[in-house]
Every structure is written in C-alpha cells, then in structure tokens.
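Subject: Handing over the structure, with notes

Hello,

I am passing this structure on to you, together with some notes on what turned up when I went through it. Please keep it open beside this email while you read.

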Amino acid sequence: MSILQEKIQLNNGTAIPVVGLGTVTPDDKKPILREVVRAAILDAGYRHIDTAWYYGVEPILGEVLEELFNEGKVKREDIFITTKVWPALWRNPQKSLDKSLKDLRLDYVDLWLQHWPLTFKSDENGQPPVPRDSSGKVIEDDGDFLDTYKKMVDIYKHSNKVKAIGVSNYSIGNLDRLLKETDVVPVINQIELHPQLPLNDLVEFCNKHKIVVEAYSPFGSNGAPVLELPLVKQLAEKYNVRPADILVNYHTASGRVALPRSLNPDRIKQGYKKVPLTKEDLTKLYEIGEKEPKRYIKEDWGHHIGLPFWD
Ligand SMILES: NC(=O)C1=CN([C@@H]2O[C@H](COP(=O)(O)OP(=O)(O)OC[C@H]3O[C@@H](n4cnc5c(N)ncnc54)[C@H](OP(=O)(O)O)[C@@H]3O)[C@@H](O)[C@H]2O)C=CC1
Ligand SMILES: O=C1Nc2ccccc2C1=O
C-alpha cells in the first residue's frame, strides 16, 4: 500500500491519512495549483488536503474538488480535508467555517483547526487578516484565545459541518489550559516539526493526551533547507529514495502526520515512498535538532505563544 493511503486513528474514532498536501501558494503560483491538486489525487494517490481560510486558495480547491467528484474520479468521503480559523475571525469562527465551506463547495470538512492561539483586531470579515500599526507591529485584540476553541467545540457538538476539531501552533501552556477548561480534547496539534526542530517535550505532551501531531513545513518551508542536511542525503542514498521520502517517513514512522508542499507537478506525481528507517536512523535524525534546534517559520505574531526556539 502507498504511504499516501496509510491512516492513523484520531481520539474521536475517525482516521486521518498520514500524508497531507500542503496548499500555501504564492499569488503568482496560484494558476498552477489546479494542476498540482489533480496530479496529487489522480496520479500520486493523495487523499488528504491541508488548507486554511488564510491561504486564499479555497475557491480554487473547491473548483478542482467539484470537478473530480463530478467526473467520478474520487468520492467526497475518500478525501480528508482540513481547514482552519484565522485569528482575525477569532470572535466568529462560524463565519470563517461557512466561508471556507462555501469556497470549498463542501457540506463538511473532516478537520477544523484553530490556526493560532491568538486574537487579532480586524473587522467582522477578518480584514485585514494581519492588522498592523504604523510601526508595523501586529495589533492583537484583547480576547482570550481559548474563546475561539470553545466556540469551535459548540459548533462541533451541534452541527454536521465538521467531523473533528483541533488546534495549531499551541504550546504546552496553551494545551494545558485547553485541557482544564474544555471537554473536547483536540484530535490534532499542527506545528512546525522536522529533524532540525524535534520539540520532544511538546510531542510527548501531545502523545500523552492522545493528540496526534501534524508536522507543518516538514522540509523547512521555502527553498526546502532540511532536504539539504547531510544525514538526510546519506539516508536517501542508503535506501535509494529521495531526501523528501526520508523526511516524510521521519514523521510517519513516529506516529505523526506530515504535510509537505510542492507546486511542481512532476514532484507531486511521484508521491512518497515508504522507507524502513531503523531505530538508529531515527535516533540520529532526532539528534540533529536536539543539538542545534532551528525554526524556519518565525511569524512575528508567534513569539509570545511559548513555543520554543522562536528567537
Ligand atoms: N498551521 C500553520 O501555521 C502552518 C501550516 N503549514 C502547512 O504545511 C504545509 C507545508 O509547509 P510549507 O511551509 O509550505 O513548506 P514545506 O516544508 O513543505 O516546503 C515546501 C518547499 O519544499 C520544496 N520541495 C517540495 N518537495 C521537494 C522535493 N522533492 N525536492 C526539492 N524541493 C522540494 C517546494 O518547492 P517546489 O514547490 O518547487 O517543489 C517548496 O519550496 C503548508 O503548505 C501548509 O499547508 C505551513 C506553515 C504554517
Ligand atoms: O500561519 C501561517 N504562516 C505560514 C507561513 C508559510 C506557510 C504556511 C503558513 C501558515 O499557515
């Protein structure tokens, strides 16, 4: 079986494919996203798409998905789709969800995440998505980030529009509060994770509470610097696969979900091979970031969340 069809169980009884297609897309690359998504689903066998209100690609994804469903190439229930609520819409996650569903042309999403444990001072339509003052500083609202999750819980319990809820960019401190103050354990915490950023304490905390960890930016984001690590290249040679296969298997072999992105249709068509990484291979990969941690996505709004290695 292809690694793209492998699934793991979530704490609410649903299952998630262990590799999801990342969909962040710069404006000039948006025209190619249709082709990439079709290649991902039809040629490679992807069954999981990770998107967000913030990415501005949901109308494109909606068109492609509708096309694929109408062509009978794939069924809605066979594709796992995640979207997220942005901090600018923290007061009204229902509005965010309804906009995402309308753009995606779907009745429900499989997973709905709180994108960041933050509140931004934007208008009721979430504009601007990242409000800044004249000195460029992000203008946060005075809200409690947990209020958004509490509203998401309510929607999860009382509608059929989301099959599961979770969080993203939550630190141990954020999760601790969430677990004490709400009665729905998130199924997922989506965080930056790769051999240069193993975040063992946060991952252990999530494992203990049956929260599956999803690794975003598994290649280190733009330019894919983590693919260039000598050990990653050595392991790719040892197993006769691509460095990208090693980085995806680093997560799936550890019970996590990986969300790689590529806007190159030829790369996408290749999918990812399953690699029999040994315990020693994994130990060596973990040692890279344990010795010299490096975070690549350092959004200026994220520094006070309490996630390690922001500076
Ligand atoms: N919740 C959150 O806050 C966040 C969520 N995410 C999610 O995670 C996804 C992935 O993270 P992202 O930051 O986009 O970046 P990735 O770590 O997935 O890296 C993407 C880069 O890797 C390159 N690449 C992909 N495959 C290969 C390959 N085989 N060989 C060489 N280069 C390759 C891509 O180039 P090319 O296109 O040319 O192939 C691109 O430059 C996002 O798209 C999004 O869905 C990401 C960040 C934050
Ligand atoms: O919040 C985000 N910041 C990002 C930067 C690069 C790619 C994805 C994202 C997000 O989802």
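Predicted model: local features only at pLDDT ≥ 70, side-chain atom pairs only at ≥ 80, totals over all residues.

Residues are numbered from 1 along each chain as its sequence is written, chains are lettered from A and ligands numbered from 1 in the order in which they are written, and side-chain values use heavy atoms, with hydrogens and water left out.

I begin with the pockets. On a 1 Å grid over the protein atoms alone, a pocket is an open set of points where a 1.4 Å probe fits, with protein on both sides within 12 Å along at least five of seven lines, and its lining residues have an atom within 4 Å of a point. The largest pocket holds about 1,100 Å³ of space, where a volume is the space filled by probe spheres set on grid points that are joined across faces, edges and corners. Its lining consists of 45 residues, and those closest to the centre are Val24, Ser217, Ser221, Asn222 and Arg261. By class, this lining of the largest pocket has 21 nonpolar, 14 polar and 10 charged residues; here Ala, Val, Leu, Ile, Met, Phe, Trp, Tyr, Cys and Pro count as nonpolar, Asp, Glu, Lys and Arg as charged, and the others, Gly among them, as polar. Helix H8 (243-252) and helix H9 (265-270) each supply at least two residues of that lining, helices (H or I, at least four residues) and strands (E, at least two) being DSSP runs numbered from the N terminus.

Which pocket does ligand 1 sit in? Ligand 1 sits in the largest pocket, in the sense that more than half of its atoms lie within 2 Å of the grid points. Around ligand 1 there are 29 residues, of which Asp50, Ser221, Arg261, Ser262 and Arg267 come nearest; a residue is counted if one of its heavy atoms lies within 4 Å. Among the polar contacts (pairs of N or O atoms within 3.5 Å; within protein, one must be able to donate a hydrogen and the other to accept it, and residues adjacent in sequence count only if both atoms are side-chain atoms), the side chain of Arg261 has an N or O atom 2.7 Å from an oxygen atom of ligand 1. The protein covers 86% of the 910 Å² of accessible area that ligand 1 has on its own, with areas taken from the Shrake-Rupley method with a 1.4 Å probe, where for residues only the protein chains shown count as cover.

Ligand 2 also takes its space in the largest pocket, and the residues around ligand 2 are Val24, Tyr55, Trp86, His115, Trp116, Ile297 and Glu299. An oxygen atom of ligand 2 lies 2.8 Å from a side-chain N or O atom of His115, and a polar side-chain atom of Glu299 is 2.5 Å from a nitrogen atom of ligand 2. The protein covers 78% of the 280 Å² of accessible area that ligand 2 has on its own.

The second largest pocket has a volume of about 180 Å³, and H6 gives the most to its lining, with three residues. Of its 13 lining residues, Leu199, Asn200, Asp201, Pro308 and Phe309 lie nearest the centre.

Leu199 also has a phi near 45°, a positive value in a residue other than glycine, and is placed in the loop between strand S8 (188-192) and H6. Elsewhere, the peptide bond from Gln127 to Pro128 is cis, with omega near -15°, and Pro128 is found in the loop between strand S6 (111-114) and helix H4 (145-158).

Best wishes
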